[in-house]
Amino acid sequence: MQRLKAAGAVMLGMTNVPIGLADWQSYNEIYGTTNNPWDLGRTPGGSPGGAAAALAAGFVSLELGSDIGGSLRAPAHFCGVFSHKPTLDLVPQRGAGPPQTPVAPVRGDLAVAGPMARSAADLMLELAVLAGPDELAQGVGYQLALPPPRHDRLAGFRALVMDAHPLCPTAASVAGALDELTERLAKLGVHIVRDSPKLPDLALTTQTYVELLAAFFAADLTTDRREAVMAGARSLSADDKSIAACRMRGFTISHGDWILASRQRATLRGCWLALFDDVDVVLCPAMPTPAFPHDHTRMATRELAIDERKRSYFDQLAWAGPPPSMACPRRRRRSDALIPGCRSVSRSLAVFSTTAQRSPSPAWSSASSAASRRPQCCNRPTRRGRPGTTPRFPPSCADPSS
């Protein structure tokens, strides 16, 4: 927040989130339910679902969020806006802890903070303002020096496209949106591949990630809940490698087993880095479905319908684990209500922004303009500024109506 204010951003307030920042919906007993602006009967995502809804409705041009289980990417995907899950610790998280905790520099393990916006250009600008080591920690001795983009035009990029996951099916509408984007990029000269011998084991990537994720949340379990989870974990078959089973085991993991899982994570990280020697970006779904209808039942009993097939609610974690990535919307037509986007995954600290800044291509700029459109139920906000001040953000960021 301090960096955004110093750059001239005007803060309007806070938006709604789910209880404990732990859902792909945004509702609670204090502030109520946040709806998807494109379909009020559906979720805007979570945890920063209110932020994504505000962007989609045109209330603001920039937002902030955090991500440990798809929290930046799911709301952007559901609401048709842009978000970026950056490299771990690229954006400092000081001050983002629970209420009444000390405001001190922290290092992440899985969680990151990142930008949300209505266009790729605004997303790039916000990240440039936010990125850099914490002035009270690594910033004492380190400075951020990102490498230049690998290419200065789309025709030079190599993209690996994958729309299937071994642990969770992908809705036809999501796969179709990804195929449409792939075709447009291929026509613009992007080299498209559909498989690679270096692609890490997706099932193992997700299973390892889910165990580490559950271990993180286990710290806040009540005694009764912990005992129930431990009983459930003991009843699991050793052959059960589903996402739900990995999550259950993660809640009860010992410190020794956590270290082993973290070592597996390091091995997988090396596999992903090797893949990005051969490709520049991986295009894949951000979530397995478009925005789903509101469901405020007990999370443990929820099911997700994927093309009329019932799946565990937690299977949505399938695409949440790979490296740094951006969620971006697909071209929106007037007849469309909910259009799934896609997700671009890159190596740590990769930079693509110069390409977008110099010459936005039809494939991406059409998505940007789609994201800037607002549902017809929302009024266009008027421009407000502070007399005698000139924001250092360009007009597209300073003025929500641009």
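Accessible areas here come from the Shrake-Rupley method with a 1.4 Å probe, and for residues only the protein chains shown count as cover. With that in hand, I looked up the total: the protein has an accessible surface of about 19500 Å², and 55% of that belongs to carbon and sulfur atoms.

A note on what I am reading: this is a predicted model, where local features need pLDDT of at least 70, side-chain atom pairs count only at pLDDT 80 or more, and totals for chains, interfaces and linings use all residues. Residues are numbered from 1 along each chain as its sequence is written, and side-chain values use heavy atoms, with hydrogens and water left out.

**Overall**

I found 12 helices and 12 strands in the protein; these are DSSP runs numbered from the N terminus (helices H or I, at least four residues; strands E, at least two). Of the 402 residues, 49% are buried (under 20% relative accessible area; exposed is over 50%, partly exposed in between, with a 1.4 Å probe and protein chains only). I then checked contacts (heavy atoms within 4.5 Å): of those between residues at least 6 apart in sequence, 73% join residues at least 24 apart.

**Helix H4**

In H4 (residues 120–130) I listed Asp122, Leu123, Glu126, Leu127, Val129 and Leu130 as buried. Down the helix axis they fall within an arc of 160 degrees, so they line one face of H4; the arc is taken from the directions from the axis to the C-beta atoms. Just after H4, I noted glycine 132 with a positive phi of about 130 degrees.

**Cores**

A nonpolar core is a set of buried Ala, Val, Leu, Ile, Met, Phe, Trp, Tyr and Cys residues joined through side-chain atoms within 4.5 Å. The largest has 37 residues, and Trp24, Met162, Tyr209, Trp272, Val282 and Leu317 have the most contacts inside it. Elements giving it two or more residues include helix H9 (255–275) and strand E8 (281–284). H6 gives the largest share, six residues. I followed valine 282: beyond its neighbours within four places in sequence, its contacts include Met162, Trp272 and Arg343. A second, separate core of 17 residues includes Ala117, Phe157, Val190 and Val281.

Leucine 146 sits in the loop between H4 and strand E6 (158–161) and is partly exposed, at 39% relative accessible area. Arginine 234, in helix H7 (residues 223–234), is exposed at 63%. I also looked up its C-alpha separation from arginine 249, 15 residues apart along the chain: 8.6 Å.
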